[in-house]
Amino acid sequence: MRCALPFFAIVLTGCTGPLSTLAPAGPVAEKIAWLWWGMLAGSVLLTVLVLVLVVMAFGPPRVVNPRVWTHRLGLWFSLMVLSVTLGAGLWVGERILPRGDAVEVTAHSWQWGWRFGHPDGEGGWRQVEGELHIPAGQTIEVRVTSADVIHAFWVPRLAGKIDAIPGRENRLRLRADAPGIYAGRSAEFSGTGYAGMTFTVIAHDPADWPAAIAALSKDAPDD
Amino acid sequence: MKWLGAVLIGPTLWFAIFLAVYGLHGLICAQWGVVDFSGRAVMIVVWGIGVALFWPLLRYMPAGHACSIDLPRAGLWIGLGATVFTLFPVLIASSCS
């Protein structure tokens, strides 16, 4: 037990930090974190069942009731855990789909970088590399594209991840509850420069967002 | 060989229904970009036909207590369970992407 405590302390340090799914800063990320904890609970229950069976396999032969161990625990209990986690996954999945009004931005990827487009309110777009500027407290729809190979847009504290696929536009919803700086990166290995394929999401106070966008460059069209 | 075929008939039927329903989902999404009511209805009908095919097989497959007799029936139940469980999400989820 004395050895286990430092081990769990080290493991749990991974639950926070700028790239942690378990430190959500918006409603979409909160739902995903909730699902993650639910799946962890389900996998713990199934692991405990398997470990009990492993322990029971050692030692002298014993008489067990097959109706309890095979039918109730082996079949129905496992199916119940899987059904609950499947249902939770469907419930969360339906609620993070891109539906309804949102502020649209673009995220264009290539080997190895990101360029983000922001609406300037005059029908044009303001572009910047490596930074996505959003208003806090508003739902954002990110239109994700790629110029070359498959990348993946991922801001763990604000949303799930979605692939950037050449020749296709994928859409992802995210939202930051409060102004701040949130780390993002590609979640799809894409070659030697992959490690540097990071970006930052800057959530502004909604009143300051138009000025922040106006300060960005107007040129640099997407590839 | 005949016995082996009987054992595999349940999983094989699941495999075929899985291909048909997921293939339909891909076709509908590629063609219309969204699974609307009629698209979902077609998928559910194909899935329902597949599930119904298990009924005569379960009814006429010999039953018994010996392992060699029971395995084909177990295979059918596994195929039926897998058909219901693994295809349920694609039938109710509204996402194409």
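In this predicted model, W37(A) has a relative accessibility of 42%, and therefore counts as partly exposed. The residue belongs to helix α2 of chain A, which covers residues 27-57. W37(A) is also part of a nonpolar surface patch, together with W36(A), L40(A), V44(A), V48(A) and V52(A). The accessible area of the patch comes to about 510 Å².

How does α2(A) pack against helix α3, residues 66-95, of chain A, and at what angle? The angle is about 170 degrees, and the axes are 9 Å apart. Because the cut-off for roughly antiparallel is over 145 degrees, α2(A) is roughly antiparallel to α3(A). The contact between α2(A) and α3(A) comprises 18 nonpolar, five polar and two charged residues.

In one of them, E104(A) pairs with R143(A), with the closest N and O atoms 2.9 Å apart. E104(A) lies in strand β1 and R143(A) in strand β5, so this pair ties together parts 39 residues apart in sequence. E104(A) is partly exposed, at 28% relative accessibility.

A second example joins R173(A) to E141(A), the closest N and O atoms being 2.6 Å apart.

R171(A) is partly exposed at 33%, and E169(A) is partly exposed at 36%. These six residues, E104(A), E141(A), R143(A), E169(A), R171(A) and R173(A), are linked in a network of salt bridges.

Definitions and conventions: Residues are numbered from 1 along each chain as its sequence is written. Chains are lettered from A and ligands numbered from 1 in the order in which they are written. This is a predicted model: local features need pLDDT of at least 70, side-chain atom pairs count only at pLDDT 80 or more; totals for chains, interfaces and linings use all residues. Side-chain values use heavy atoms; hydrogens and water are left out. Patches are made of residues with over 30% relative accessible area and no salt bridge: like charges are joined within 9 Å, nonpolar side chains (Val, Leu, Ile, Met, Phe, Trp, Tyr) within 5 Å. Accessible areas come from the Shrake-Rupley method with a 1.4 Å probe; for residues, only the protein chains shown count as cover. A salt bridge is a side-chain nitrogen of Lys or Arg within 4 Å of a carboxyl oxygen of Asp or Glu. Helices (H or I, at least four residues) and strands (E, at least two) are DSSP runs, numbered from the N terminus. Buried means under 20% relative accessible area, exposed over 50%, partly exposed in between (1.4 Å probe, protein chains only). Axes are lines fitted to C-alpha atoms, for helices over the stretch in contact, and angles run from 0 to 180 degrees between N-to-C directions. Angles under 35 degrees count as roughly parallel, over 145 as roughly antiparallel, 65 to 115 as roughly perpendicular and the rest as oblique. Ala, Val, Leu, Ile, Met, Phe, Trp, Tyr, Cys and Pro count as nonpolar, Asp, Glu, Lys and Arg as charged, and the others, Gly among them, as polar.
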